[in-house]
Amino acid sequence: MPGGDVLAIVPELIILVAASAILLIEPFLKADRTAVMAVALTGLFGSIAVSLGLLGQNRVAFAGMLVLSDWAIFFKVLFAAGGALTLMMSSDYLESQRRHIGEYYALLLFAIIGMDLMAAARDLMLFYVSLELMAISSYLLAAFFRYRVRSNESSLKYLLTGSFTSAIMLYGISLVYGQAGATNYAAIENALRGQATGSGTILAVFLVAIGLAFKVSSAPFHMWVPDVYEGAPTPIAGFFSVGPKAAAFSVILAAFIVGFPGAAEQWGILFIVLSILTMLVGNLFALVQTNVKRMLAYSSIAHAGYLLAGVGAMGWSKNSYPGETVLIYLAAYTFINLGAFGVLAFLKSQVGAKFDYSLKQMAGLGRRSPWAGVLLSLFMISLTGIPGTAGFIAKFYLFGSVVWANLVWLAVIGVLLSAVSAYYYLRVVIVMFFKEPEEELSISGPMSGGMAAGLGITAFATLRSAFFPGWLWDSIVRAFGTLFS
Amino acid sequence: MAPTPADMPIPVDWYLYLSAALFMTGVVGVLTRRNLFIILFSIELMMNAVNLNLVGFSRFHENLTGQNFVLFTMVVAAAEAAVGLAIATALFRNRQTLMVDLFDRMKG
């Protein structure tokens with residue numbers, strides 16, 4: 001039924017209309033970009049509202065290419081919320097960098113459409129095209145300050161490594177098609193069920209896994225992460241650390257459970273190995289960073305390691321429970337990490353070119369700008385996973401499920417490395433509040449409305465989900481259930 | 001795997017060998033060359049190896065999914081090349097070189 005097919009992509013269509021409208025109205029605007037921001041936020045919040053209105057539907061659309069289910073809606077809401085927060089935190093920052101133009105908003109919206117479709121896709125073809133929609137928009141966003149060498153270099157590294165690994169992944173997809181004769185997840189499962197899991201299937205699945213491991217910034221495919229995050233605009237770095245990563249996890253969970261359950265043990269082991277490597281690399285390299293933005297990049301690698309432990313546990317135990325905890329972790333992490341990058345963007349827009357995100361310049365921040373200091377401390381504490389914050393609840397659920405899957409040793413490694421991470425997270429708090437600044441950097445203006453709203457929402461979500469994870473958990477379990485129907 | 005269809009004059013493994021050889025040429029090119037353009041060419045080579053695979057398998061399975069996929073792959077490859085060249089232009093304006101090992105402003 002064609003009408004029903006279109007209904008399944010209405011949330012994306014709303015964002016698409018907003019993005020196109022931005023590109024159309026932008027040339028007619030004077031210096032003020034409030035209208036662009038308003039259109040973008042209207043599109044994203046409209047998309048969230050419509051998605052929530054479609055909850056409970058279970059529709060297969062476009063000949064099995066994509067589904068509209070609670071699973072897809074969970075991610076649609078998460079991505080649109082993350083995008084809206086990023087935009088709220090961007091406006092001042094772009095203004096201070098004298099590069100406040102509409103393409104930024106449009107590209108971000110296009111990336112969100114790609115991510116939405118990745119989560120909704122039930123076919124390798126749609127998954128690949130939407131992944132590239134997300135990736136190509138991301139390359140351009142990383143290069144957004146095109147007169148700056150750092151931004152260029154960041155984007156180039158992202159593009160080269162990104163298209164190299166996606167070509168490897170595509171080779172894997174072509175081998176999957178060769179084995180199964182189909183690209184639909186369910187059809188692949190159906191075709192592979194009869195055959196023994198041979199080396200050809202495992203090679204194909206591993207190649208696909210490598211492409212996705214790159215997108216979630218797993219070691220040993222993490223080399224691009226610190227450089228890209230350092231050179232990209234700060235709110236965009238925050239967006240990269242949560243959006244594309246969550247989208248890639250949605251595909252890892254959906255495609256591997258639905259498409260390759262026969263090889264669950266093999267890909268489970270692969271993800272467990274990647275998880276250990278990633279946790280080690282992320283945490284150990286983060287220890288020696290003196291630049292807070294780079295430290296957060298390595299920290300996002302470390303968090304990808306924890307998440308991969310959940311994915312590995314899911315493959316190993318052949319049960320969806322660890323996967324559900326991955327979703328709760330993704331939801332919490334989205335808000336915490338966007339908040340942390342948002343504070344950095346605020347500082348950069350206030351202090352100006354002199355601010356290079358180094359730990360040294362953060363000294364005494366707690367006194368000069370108490371709000372920024374308190375908020376950044378909250379996010380750091382939450383990233384560490386100290387009780388009373390969303391970060392603790394997320395880690396508690398995730399490592400709990402890893403233990404449940406009889407991988408106690410993996411959970412022990414994760415918890416020990418989380419303890420190590422306290423050193424580099426809490427160092428930021430100590431420097432901000434207990435160290436005398438070497439040079440006075442003036443923080444002139446107050447926080448603007450958008451920035452204050454963005455940081456307020458992230459802080460609220462960080463604290464609130466620490467006390468009321470019940471409804472979130474229920475909706476995640478419901479969403480995961482729709483994956484198999 | 002199903003046996004090769006009777007009306008397929010070239011067996012499917014020949015496609016696989018050629019595509020694997022092309023793909024490895026591309027991988028080696030990406031890993032060893034220093035010039036940005038050659039690296040972009042090598043990535044194109046990898047994607048075209050995939051296209052060959054898809055077309056071969058499409059013939060083998062006697063369905064059109066693979067050939068549909070090739071159309072999408074080609075469009076994506078073109079978009080990627082366009083963005084890659086745009087970034088190369090911006091970078092060349094700032095640095096006057098296209099040797100990727102010289103782009104090392106950020107380390108650690």
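## Helix α7 of chain A

In this predicted model, helix α7 of chain A, covering residues 149-180, has 32 residues and reaches 46 Å from its first C-alpha to its last, close to the 46 Å expected at 1.5 Å a residue, where the expected span is 1.5 Å times one less than the number of residues. Helices (H or I, at least four residues) and strands (E, at least two) are DSSP runs numbered from the N terminus.

Because 29 of the 32 residues of α7(A) are buried, this helix is largely enclosed by the rest of the structure; a residue is buried if 20 or more other C-beta atoms, placed from the backbone, lie within 10 Å of its own. Just after α7(A), Gly181(A) takes a positive phi of about 75°.

## Contact between chains B and A

In chain B, 33 residues are in contact with 33 residues of chain A, a contact being two residues whose C-beta atoms, placed from the backbone, lie within 7 Å. On the side of chain B that touches chain A, α1 (12-32), α2 and α3 of chain B each supply at least two residues, and α3(B) gives the most, with 16 residues.

By class, that side of chain B has 20 nonpolar, ten polar and three charged residues, with Ala, Val, Leu, Ile, Met, Phe, Trp, Tyr, Cys and Pro counted as nonpolar, Asp, Glu, Lys and Arg as charged, and the others, Gly among them, as polar.

## Confidence and conventions

The model scores ipTM 0.94 and pTM 0.94. Chain B averages a pLDDT (the predictor's confidence in each residue, from 0 to 100) of 87, and 93% of its residues score at least 70.

Residues are numbered from 1 along each chain as its sequence is written, while chains are lettered from A and ligands numbered from 1 in the order in which they are written. Local features need pLDDT of at least 70 and side-chain atom pairs count only at pLDDT 80 or more, whereas totals for chains, interfaces and linings use all residues.

Notes:
Buried ≥ 20, exposed ≤ 12 C-beta atoms within 10 Å, placed from the backbone.
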